[in-house]
Amino acid sequence: MAQTILQAIEGDTVLVAEAGTGTGKTLAYLVPALLAGGKVIVTTGTKTLQDQLYDRDLPAVRAALASGAVPALLKGRANYVCLHRLERALGEARLASREEAQQLRRIERFAAVTTSGDRADLPDVPDDAPVWQHATSTRENCLGQECPRYKDCFVMKARRSALAADVVVINHHLFFADVVLRDEGVAELLPSCNTLIFDEAHQLPDTARLFFGESVSTGRLIDLSRDARLELRAAGGAALEFDAVAGRLEKASRDLRLAVDAEGARLGWAQAAARAQFGGALAALAAALAAFADALGAQAERAEGLASCSRRAQEAQATLSRLVAAEGTEQVRWVEVFGHALQLHLTPLSSAELFRRQVEEQPRAWIFTSATLSVGEDFSHFKGELGLEQAAARAWPSPFDFEHQALLYVPRDMPADPNDPAFTEAVVEAALPVLHASHGRAFLLFTTLRALRRARELLRERIDYPLLVQGEGSRSALLARFRELGNAVLLGSASFWEGVDVRGEALSVVVIDKLPFAPPDDPVLAARIEALRAKGGNPFTEFQLPQAILQLKQGAGRLIRDDTDRGVLMLCDPRLYSRPYGRLVRASLPPMKQTRELAAVREFFARIGA
């Protein structure tokens, strides 16, 4: 794999490289990248993987090669303490609770001693703590060179380090934010970059669609209104007229959220518009935003902070206008509903053409790697999603001995329809004897939160092993507890299907309730299905099935993480044998022995001494 990547780097070509668990793909791309020289950008799926790559993998390779390549870590601006906003928050005392005030003081002490300003280096304040919005900046509210603390800015220090470095580690969100917005510092890096490596590349199509689209958030508009009021007071006083206009924007934002009686939902535009109050609330928001932008424009010259707010208001107004007027079959309008906010989206159905343009405009080596890029041995789905149809593609299987290390168990007598209301009960009943044979030590992964909650109710009284449930603690805390206990049963949904690494006997069973087909009522998926059908395609075989197989491979990949691991992968979906496509699904999984008999599972655990 390293030799193939080196050839791609030396030839400035595009390579799609799948490598099974345990192959050592990080080494396989870092070694040739450092040996080839030139400037290298490595982008990963998450900030956690980004930190792991920078703190562990890259130093090990540099030491092994005695390489003098200078590394740098670059994250989006919201990951760094903003000294200006921190000072302003400390002086305003407008925090929601005493706990937030204490957290802000911790951030103040951290900012005085840190060299990076990276919030990941301050574990005393949770990453999702609301107080961070007072101590970090966004693209919209950053003052840039007009900021009084610009010389000391942690974001600018990180960008300068990245410009001077030979190997820069970023993440996918940062890459696309910059490609689209030309804002996060990567634009300055790309012209001199010889090699661009995307790890966890299976995440790219969804991330690309997110960033190539447009959105307006009621929460962001409320933040903008509050920021503008603060900037106006800091510039020498507020006007009652402006306070009234800002108040109307906040009220209109809240009214639009209240017009949609749902929470944690993704709705098509027509579904949202069917709500009696939606159309009027949307028109009222557009009018309030227009009035706010006009009033703010009249104040913009008083201070750079007000000018920044004015630009944000004009951008939001323009985006909302485009979104309301949008038509055509190449994009979809939809609404995402949260607890206290609502987001309006305009998303392209395909990012292939937009992404292909990026690749063709930047002649260099483009390397895409992950453990899950092919369906069977076919890469056409992934390559088509990103417009990489002409790219070379290779796969290297895992070195693990799956035939002896693992067993695939598909239980008999499950309800024929996985959407049967009794299906989750059947999953739990089938899993119980397996959990007893393995003495716990299991992940139970579900495709919906409803199924997860039902399984928790059913299992709570029926197992003697510690039961850990997603949502009852952070993911990292649950995983640490799972490893520490050694015999726990963990129930998880989407966030536990990938990026989770538990080695050793603590994890000996992975149960997956059913094939992870995306819900057909998801507005983006529904629009993509309709567009494929209109072009004479087969949405199921061309899109829905490949997507489900790639997601299933991620979930199955949690089981065997080391050459000494042993375990059972239990897939409860009867369609693996009852439908013709089940053969393709099974062929896409690692080459483990297959059984439909519980006795074989018990025999497996007896043989490995569980």
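# A tour by selection

Start with Asp 12, which is partly exposed at a relative accessible area of 45%; buried means under 20% relative accessible area, exposed over 50% and partly exposed in between, with a 1.4 Å probe and protein chains only. Asp 12 has a phi near 50°, a positive value in a residue other than glycine. Asp 12 sits in the loop between α1 and β1; helices (H or I, at least four residues) and strands (E, at least two) are DSSP runs numbered from the N terminus.

The model is predicted: local features need pLDDT of at least 70, side-chain atom pairs count only at pLDDT 80 or more, and totals for chains, interfaces and linings use all residues. Residues are numbered from 1 along each chain as its sequence is written, and side-chain values use heavy atoms, with hydrogens and water left out.

Strand β1 (residues 14–19) runs parallel to β11 and is joined to it by 5 bridges; opposite Val 16 is Ala 393 in β11.

**The cores**

Which residues have the most contacts inside the largest nonpolar core? They are Leu 74, Ile 107, Phe 175, Phe 198, Phe 355, Phe 368 and Leu 388, in a core of 51 residues. A nonpolar core is a set of buried Ala, Val, Leu, Ile, Met, Phe, Trp, Tyr and Cys residues joined through side-chain atoms within 4.5 Å. Helix α8 (residues 172–181) gives the most to this core, with 5 residues. Another core, of 38 residues, lies apart from it and includes Leu 221, Phe 278, Leu 285 and Ala 313.

Now center on Phe 355. Not counting residues up to four places away in sequence, Phe 355 touches Phe 175, Phe 176, Phe 198, Phe 212, Trp 366, Phe 368, Leu 386 and Leu 388; contact means heavy atoms within 4.5 Å.

**Helix α21**

Select residues 475–485, helix α21, whose buried residues are Leu 478, Leu 479 and Phe 482. These cover an arc of only 100° around the axis, so they are on the same side of α21; the arc is that of the directions from the helix axis to the C-beta atoms. The buried residues of α21 pack against β13, β14 (467–469) and β15 (489–492). On the face turned away from the buried side are the exposed residues Ser 476 and Glu 484. Just after α21, Gly 486 takes a positive phi of about 85°.

**Strand β17**

Finish at strand β17 (residues 567–571), where 5 of the 5 residues are buried, so the strand is largely enclosed by the rest of the structure. Gly 567, Leu 569 and Leu 571 point one way, Val 568 and Met 570 the other way. Strand β12 (residues 406–409) runs parallel to β17 with 4 bridges, and Ala 406 has Gly 567 as its bridge partner. Strand β16 (residues 509–512) is likewise parallel to β17 and joined to it by 4 bridges; Val 510 stands opposite Leu 569.

Key: Pairing = 2+ DSSP bridges.
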